[in-house]
Structure formats: structure tokens, C-alpha cells
Amino acid sequence: MTSSSTPPPATTRPIAERHLFGPGPCNPYPEATLALASPLLGHLDPDFLAIMDETCDLLRYVWGTDNRRTLPLSATGSAGMEAAFVNTVEPGDVVVVAVNGLFGERMVDVAGRHGAQVVRVDHEWGRPVDVERVVAAHPSPKIIAAVHAETSTGVRSDIAALGAAKGDALLLVDAVTSIGGIELRADDWGIDIGYAGTQKCLGVAPGLAPFTISDRAFARRVEKPSSWYLDLGLLGGYVGEAAGAGKRTYHHTAPTAMVASLHAGLRRIADEGLEKVWDRHAEAGRLLQDGLEAMGLTLFAEEGSRLPELTTVRVPEGVDSAAVRGYLLERHNLEIGAGAGAFASSVWRIGLMGHNARPDRVALILAALEDALA
Ligand code: PLP
């Protein structure tokens, strides 16, 4: 124990450069890391506001949307989820939630906390959302909510099909692990409200939640949401819709270094070309999944719905899951994730996101895992 009058002794180790192959964060694009070391700008500096505006334009590009209300919220992906529900749910509103993993489960919790009458549609973990069952769950919900890429199971769901079948409901989608990694077309697919995170396939550190909302959904929003910080109406005065010259008003001190980093990561994606970036993720995921099967391992997510950016694989019988992960970290400086929920010790989660979605990273993982299992 130290007292408050003396500084604590330095006990932490120098930060090692890890290979971040878990479910996120991943190793950022070098451009995003470099931007963090740029001189800091104030949140109302015209140079920063230009970066913010271009970041919003780049976010429209990766979301596949023309929504004028597309912005980075100053908090992690979970705050994006919170903002999505707190701005759209009045007590008693019916919200149908497709639950096929941990993050669908979290949506149920968050929607319920904001007073929604939640109708949950449960699925076996490892399987995609069953669109027919979800739309049949209630005749006139205000919102239908689903996770595009379930990070807990490595499964992709068909959001385009959900959008085509949603009727008058608003479609609310978690794109935390899909954005910048697999095809995502918010406008074409009928996504009304979407939130994401920076630390996965966008290849930036955690800390911001890219968010988008259509005019249709904004018109049906809660007049005065119970959260001041996440009130999209108030936020619009600083970023997004009311960003015209001279009209900005202070709302909160935006994390300017993080926004500059996101801007750099998004520029990198735009320079490469979004569809090429999706192809790069697809190739890396296929190589990894083929390599794991060639080692005799069994993949967890249902075939046909496997995410390339997040592979789930069963821990072989008799192998201590945590010991293998510990060995990979100590010996190879390489992080992979444990499974989620009931699969915590029987599944590993291996991420190839953003800058890590490359064949040389795949070779590294396969070699290290072979060593760990030898
Ligand atoms: N939704 C999904 C699908 C996620 O994978 C995560 C995080 O892993 C979240 C939401 C929550 O995001 P965060 O941890 O950035 O708050």
C-alpha cells in the first residue's frame, strides 16, 4: 500500500508490441497510429472541424449511406448501442431483437432499460438470424434489431433480407465487427439506425462509435431522450447535420486525437478502395479457416455464414484453452480470444481485422498455434 502523499512505484512493464488477433482491438493501420502523434488540435479549431467533416464523409462511404446524420460518437461501440435505443425507444414501444449471440443479448438488456417491450427471437449460437422468424415475431414493432457480425460466434447474418422484410419497422443494426471488413450497404439494405466501433475492421484504436441514422428514423425519435450526452438532436448542433459554416455550437470536448486517427484509418481504406478491403478480409479469412481445418481443427460457426474477419474454432478435446492462449501471448506475443458465454473454454476466437487481414498474418497464426498444440 502507498499513501496518497507519495507517488506509487513504477511496477508496469514496458508495453510489448503484441499481435492482436483476438476479437478486437486489432493492430491499427500504421497511418492511424501515426495520426495519434500529430499535434493536438482544439475541438472548435477550424482545421479540426475540417478533419471532422471529412471523417463524417468517409464514414458515409464505409456505411454505404447518404444519411446526413452520420458521425463518430465519442465513446466505444456499446455507447453506439445505447445511443441507438435511447434516441428511438419510448416506454412501451415494441422492439423485436434477434438474439444469436452475446451482443444480441446485450441489445435486449439495453432496449429493456429504456422501457422497450422487448420481443426476443432466440437462435442457437453459431447460426445466423432467421429472417422469417424475426419478422413474424410481432405484427407491428417500432424497431427490429439485429447484429450483422456476431463477434461472440463468428457469424454473419443477412441484413439485406431483414431490410427487405421489415415492413414499416425501423431496422436497427449493430455493425461493430462488420464495418470496413465485409459488405455493408446501409441505404441499399434499408438500415435506419446503425452503430459501429473503430477497433475492429476499421483498423483504429478503440474509443469512437461510428453512428448513422436515416431521416425516417430521426423523424420518429424520442423528443427528449433520457441521456443528455447521447442526444442526437443536441449532438447535431456540433457535428453532422448542422455542421454548416458558423453554425457550430459546443456540445462536448470531442476527443480530437482519436478523430484524427479515425480520419487517417478511413483515408487508408478509401485509398485502397472499400471493395478491395472487403476482398482482402475475405481472402485472409478463407486462408485461415482452410489452414485450421488442415490442422484437423473444427470450425464453430455454421458453414456459409462464417465471418472472414473473426473465425471461431473449437478447442480440441483435452486441450486447456486458457493455457494455450497464455503460451501464445508469452512465447509469440500473440493474442487470440477465448470463446464467449457458454463457449468460454471450448472455443477460440481469432480475428484478422483491418491491417491484420493479410496472408502473412495467417501464416504467423497457424505456425504459432501448431507450436502451441505440439
Ligand atoms: N457489438 C459487437 C458486435 C461487438 O463485437 C462489440 C465489442 O466487441 C460491441 C458491440 C461493444 O463494443 P465496445 O466493446 O467497443 O463497447
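User: Which residue is the bridge partner of G337 in β14?

Analyst: Strands of a sheet pair through backbone hydrogen bonds, either parallel or antiparallel. In this predicted model, G337 has R349 as its bridge partner in β14. The two strands concerned are β13 and β14 (residues 347-351), which pair in the antiparallel sense over two bridges.

User: What is the order of the strands in the open sheet of three strands?

Analyst: The order is β11-β14-β13, and the pairing is antiparallel. At the edges lie β11 (310-314) and β13 (337-338), each of which pairs on one side only. Helix α11 (residues 274-294) lies across β11 and β14, and runs at about 10° to β11.

User: Which order do the strands of the open sheet of seven strands have?

Analyst: That sheet is read as β2-β10-β9-β8-β5-β3-β4, and its pairing is mixed. The edge strands are β2 (69-73) and β4 (117-122), each pairing on one side only. On average, neighbouring strands of this sheet are turned by 15° against each other, direction ignored.

User: How many bridges join β2 to β10, and do these strands run parallel or antiparallel?

Analyst: Five bridges join β2 to β10 (residues 209-213), and the two strands run antiparallel.

User: Which strands does helix α4 lie across?

Analyst: Helix α4 (residues 102-113) lies across β3 (94-99), β4, β5 (143-147) and β8 (170-174). Its direction is about 160° to that of β3.

User: How should I read the packing of two helices?

Analyst: Two packed helices are described by the angle between their axes and the distance between the axes. As a case, take α2 (residues 46-63) and α10 (residues 256-272): their axes come within 9 Å and cross at roughly 45°. The angle makes α2 oblique to α10. The crossing of these two helices is left-handed.

User: Which residues of α2 and α10 meet?

Analyst: From α2, the residues are F48, I51, M52, E54, T55, L58, L59, Y61 and V62; from α10, they are T256, V259, A260, L262, H263, L266, R267, I269 and A270. By class, the residues of this contact divide into 13 nonpolar, three polar and two charged.

User: At what angle do α11 and α13 pack?

Analyst: Helices α11 and α13 (residues 359-373) pack at an angle of about 20°, and their axes are 9 Å apart. Angles under 35 degrees count as roughly parallel, and α11 and α13 are therefore roughly parallel to each other. Their crossing is right-handed. In this contact, A284, L287, L288 and G291 of α11 meet P359, R361, V362, I365 and L366 of α13. The residues divide into seven nonpolar, one polar and one charged.

User: Where do the axes of α12 and α13 stand, and at what angle do they cross?

Analyst: The axes of α12 and α13 come within 10 Å and cross at roughly 120°. That makes α12 oblique to α13. Here α12 passes α13 in a right-handed crossing. The residues V324, Y327, L328 and H332 in α12 meet A368, A372 and L373 in α13. This contact has six nonpolar residues, one polar residue and no charged residues.

User: Let us turn to the backbone. Is the peptide bond from G24 to P25 cis or trans?

Analyst: The bond from G24 to P25 is cis, with omega near 10°. P25 is found in the loop between β1 (19-20) and α1 (30-36).

User: What is the phi of N333?

Analyst: N333 has a positive phi of about 55°, although it is not a glycine. Its place is in the loop between α12 (321-332) and β12 (334-335).

User: Finally, how many helices and strands does the protein have, and what is its radius of gyration?

Analyst: The secondary structure comes to 13 helices and 14 strands. The radius of gyration is 21 Å, which agrees with the value near 21 Å that a compact globule of 374 residues would have. Taken along the principal axes, the C-alpha atoms fill a box of roughly 60 × 55 × 50 Å.

Notes. Residues are numbered from 1 along each chain as its sequence is written. This is a predicted model: local features need pLDDT of at least 70, side-chain atom pairs count only at pLDDT 80 or more; totals for chains, interfaces and linings use all residues. Two strands pair if DSSP finds at least two bridges between them. Helices (H or I, at least four residues) and strands (E, at least two) are DSSP runs, numbered from the N terminus. Axes are lines fitted to C-alpha atoms, for helices over the stretch in contact, and angles run from 0 to 180 degrees between N-to-C directions. Two residues are in contact if their C-beta atoms, placed from the backbone, lie within 7 Å. Angles under 35 degrees count as roughly parallel, over 145 as roughly antiparallel, 65 to 115 as roughly perpendicular and the rest as oblique. A crossing is left-handed if the near helix is turned anticlockwise from the far one by less than a right angle, and right-handed if clockwise. Ala, Val, Leu, Ile, Met, Phe, Trp, Tyr, Cys and Pro count as nonpolar, Asp, Glu, Lys and Arg as charged, and the others, Gly among them, as polar. The radius of gyration is taken over C-alpha atoms; the globule rule is 2.2 Å times the number of residues to the power 0.38.
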